[in-house]
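Please keep the sequence and the coordinates in view while reading.

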Amino acid sequence: ASNKNHQYAKTFNFFDDVLVFPEKNIFKKINFINIISKSKFDLILIFDGKDRSFFTSLFLKSNKKFAVI
């Protein structure tokens, strides 16, 4: 989630964890993707329709991925 939406997303009980996508700094974004790409997720949900979200999801391992366009 974005820093702006992080606290809101955490209010939903069905998320085990909500991660904050780094803003602005490209090196922090690359490092973030590298770190989370080593994990396996049960489900990835993309609600914002942003290119960065789709791009990031390509590097993540998950049983299911859903995107709202």
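Setting aside residues up to four places away in sequence, G49 makes contact with F54 and V68, where contact means heavy atoms within 4.5 Å. G49 itself belongs to the loop between β1 and α3; helices (H or I, at least four residues) and strands (E, at least two) are DSSP runs, numbered from the N terminus. With a relative accessible area of 34%, G49 is partly exposed, a class lying between buried, under 20% relative accessible area, and exposed, over 50% (1.4 Å probe, protein chains only). The C-alpha atom of G49 is 21 Å from that of T11, and the two residues are 38 apart along the chain.

Some conventions apply throughout. The model is predicted, so that local features need pLDDT of at least 70 and side-chain atom pairs count only at pLDDT 80 or more, whereas totals for chains, interfaces and linings use all residues. Residues are numbered from 1 along each chain as its sequence is written, and side-chain values use heavy atoms, with hydrogens and water left out.

The overall architecture can now be set out. The protein contains three helices and two strands, and along the sequence these elements follow the pattern α-α-β-α-β. The radius of gyration is 12 Å, close to the 11 Å that the globule rule gives for 69 residues, so the protein is as compact as a globular protein of that length. Here the radius is taken over C-alpha atoms, and the globule rule is 2.2 Å times the number of residues to the power 0.38. Along its principal axes, the C-alpha trace spans about 30 × 25 × 25 Å. Of the 69 residues, 25% are buried. Among contacts between residues at least 6 apart in sequence, 11% join residues at least 24 apart.

The surface and its charges complete this overview. The protein exposes about 5,600 Å², of which carbon and sulfur atoms supply 58%; accessible areas come from the Shrake-Rupley method with a 1.4 Å probe, and for residues only the protein chains shown count as cover. There are 12 positive and 6 negative charges, and their mean positions are 5 Å apart. Lys and Arg count as positive and Asp and Glu as negative, while His and the chain ends are not counted; the place of a charge is taken as NZ of Lys, CZ of Arg, CG of Asp or CD of Glu.

Which residues does F21 touch, not counting those up to four places away in sequence? They are A1, K29, F32, I33, R52 and T56. F21 lies in the loop between α1 and α2, and it counts as buried because its relative accessible area is 10%.

From C-alpha to C-alpha, S53 and F21 are 9.3 Å apart in space and 32 residues apart in sequence.

The loop between α1 and α2 also includes F14. Is F14 buried or exposed? Its relative accessible area of 60% makes F14 exposed. F14 and I36 are 22 residues apart in sequence, and their C-alpha atoms are 20 Å apart.

K24 is likewise found in the loop between α1 (6–10) and α2 (26–36). K24 is exposed, with a relative accessible area of 77%. Its phi is near 70°, a positive value in a residue other than glycine. Most residues other than glycine have a negative phi.

The last stop is K40, in strand β1 (residues 40–46). At 54% relative accessibility, K40 counts as exposed. Apart from neighbours within four places in sequence, K40 is in contact with K61, S62 and N63. With N63, its side chain forms a side-chain polar contact of 2.8 Å. A polar contact is a pair of N or O atoms within 3.5 Å; within protein, one must be able to donate a hydrogen and the other to accept it, and residues adjacent in sequence count only if both atoms are side-chain atoms. The C-alpha atoms of K40 and F55 are separated by 17 Å, with the residues 15 apart along the chain.
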